[in-house]
Amino acid sequence: MKYRRKEIVGIILGLLAIFLLASFVTYDPTESPGGISSDVAKTNIMGIFGIYASYYIMKFSLGWATLFLPLILAFLSYAIFTRKNLKDYFRIGVYIASLALWISSIIAILGISLDYWWKAEYSGLIGYSLTIFIRDLVGVYAYSIIMIVMLVLIVSGFFHIFVGKTSKK
């Protein structure tokens, strides 16, 4: 890709990250895009685009954990715009996405355990369904152990921390 095209793609991804972040931050779960007019779209600062984007992305993916999506897009935008090596930023993006999935699952299990009305609303459909599946498959205690191990793996992988012992023979 030529340098000019990379700059344009980087700028477009950066703008998309800003638009999505603004849409997600001002998301109102009571607003659904079905039959909404521009007069009604008052709470989301991105207007109709913000209502559609935040409703479909947050409700049907990872809920409030999708706030990490604009962060990933911003990293990708920066890497493309400044012509950096995308492999370095891909690694960061994978760890951020893993942490978002973990947070979505924690939100879902808290909502399920405490029997709150938002158990599927704030964790998103993917986060809620995955949490229910894993919890029903292995049980509550094994689910807790899996979540602790996953957090340790995500943090240690991101910061390059070795959690095992080195042995010389």
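Helices here are DSSP runs of H or I with at least four residues, strands are E runs of at least two, and both are numbered from the N terminus. The model is a predicted one, so local features need pLDDT of at least 70 and side-chain atom pairs count only at pLDDT 80 or more, while totals for chains, interfaces and linings use all residues. Residues are numbered from 1 along each chain as its sequence is written, and side-chain values use heavy atoms, with hydrogens and water left out.

Take helix α5, which runs over residues 124–138. Its 15 residues reach 21 Å from first C-alpha to last, close to the 21 Å expected at 1.5 Å a residue (that is, 1.5 Å times one less than the number of residues). G124, G127 and T131 of α5 are buried (under 20% relative accessible area with a 1.4 Å probe, protein chains only; exposed is over 50%, partly exposed in between). These residues sit on the same side of α5, because they cover an arc of only 30° around the axis, taken from the directions from the helix axis to the C-beta atoms. On the other side, F133, D136 and L137 are exposed. Just past the end of α5, G139 has a positive phi of about 100°.

What do the buried residues of α5 pack against? The partners are α2 (47–60), α4 (86–113) and α6 (140–158), with contact meaning heavy atoms within 4.5 Å. Between α4 and α5, residues including L101, S104 and I112 of α4 meet residues including G127, Y128 and R135 of α5.
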